[in-house]
Amino acid sequence: MQTERRDMVIREEHIEMVSPRLKWNNEALDFTPWLAKNLDLLDEELGLELELVQTEKTVGPFYLDILAKAGENKAVVAIENQLGETDFSHLGQLLTYATECDARIAIWVAPEFTYEHTHALHKLNEWASGEIAFYGVKVEVYRRVNTSCLEPKFRRVVSPGFWNKEITLPSGAMPPLQRKFHDFFQQLQNGLSDAHLFHRPVIRFDYTGRLFRSRKDDRIGYAVSLEGGNDAWVTFHIETGDKIQTKEIFDKLSAYSKDIEESIEVGPDPEWFWNRANGKLFSSISIRRDGSIDDPSEKLEDTMQWMRGNLIQFRDFFDSHLGKFLEE
């Protein structure tokens, strides 16, 4: 009944659903802090009496997005959020964080839930027999037509004894927006694979980007992404598995940031971003330009060529200069 009333309001006020990334550009920097401050909106859908404890809770070498408490008994709640379609990585993170925090409630927030992942949450609720409750919650963003007002809403997909299959993606289905990103990066990848320049990429930034591991050392890699409304990125990615070592490599490079920027010809007026990412397991060095998946085909092709060319430049420079230092 509650869902029916909401749908009626949406139709009456001429509201359209839009990509969550129009409201939150970055999952960790934008969406997680916003969600932590607006647990009351999530609670309107779940009725758990959620209370924030902290964000980026340390769990071994990892970080839980949001740690909260619920109800009069202050049950521990682990909340894992993402801005892309549910994936195995986030499911594994949710289970790990819930286990290590001794959580009694585990909540997974995402814009799209696949059949397989909602089925997994449903079965976990059956197997847990009340020891822990798993929730899957879909985040949606609506915009009033002809305005810039963006309104987030939450819809319960899975909870103990409940599974809304109508808003679960069918098995094997790919949402239209994700399909656009998939086709873009597939075309970009084909141009690189033909030249045997990189390994096959992995999806590391929801579906909006790809990470190519270095052929010389898999502790470093080269990434491309289209984030937010108009951000195209090429990135040198450091993730050794040892946070201290990762930061040492980044600090060594940042001491020569000016020389490095002058040595890589990335075009006129480049925008460089040096991200040590304190508290994270990775560090990165990136260049940015305007670019969106919704650009006209000619401009999108130009963005692809920019990404492809600078991926090669980054690889040529860092693969040749980092080898000795990584060995040490």
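Partly exposed, as I use it today, means a relative accessible area between the 20% under which a residue is buried and the 50% over which a residue is exposed. The model on the screen is a predicted one.

Start with phenylalanine 273. Its relative accessibility is 36%, so phenylalanine 273 falls in that partly exposed class.

Now the aromatic rings. A pair of aromatic rings is described by the distance of the centres and the angle of the planes. This model has 16 aromatic pairs. One of them joins tryptophan 233 to phenylalanine 273, edge-to-face, with 5.1 Å from centre to centre and 65 degrees between the planes. Tryptophan 233 belongs to strand β11, residues 231–238, and phenylalanine 273 to strand β12, residues 271–275, so this pair ties together parts 40 residues apart in sequence. What about the burial of tryptophan 233? Its relative accessible area is 17%, and tryptophan 233 therefore counts as buried, the limit being under 20%.

Next, phenylalanine 317 and phenylalanine 318. These two also form an edge-to-face pair, with 5.1 Å centre to centre and 90 degrees between the planes. Both phenylalanine 317 and phenylalanine 318 are buried. They are also part of a cluster: ring pairs link Phe317 and Phe318 with Tyr222, Phe236, Trp272 and Phe314.

Last, charges over rings. Which ring does the charged end of arginine 156 sit over? That of phenylalanine 162, at 3.9 Å from the ring centre. Lysine 165 has its charged end over the ring of tryptophan 163, 4.6 Å from the centre of that ring.

Key
Residues numbered from 1 in each chain as written. Predicted model: local features only at pLDDT ≥ 70, side-chain atom pairs only at ≥ 80, totals over all residues. Heavy atoms only, no water. Phe/Tyr/Trp six-rings, centres within 6.5 Å; stacked < 30°, edge-to-face > 60°. Helix = DSSP H or I, 4+ residues; strand = E, 2+ residues; numbered from the N terminus. Buried < 20%, exposed > 50% of the residue type's maximum accessible area, 1.4 Å probe, protein only. Lys NZ or Arg CZ within 6 Å of the ring centre and 35° of its normal.
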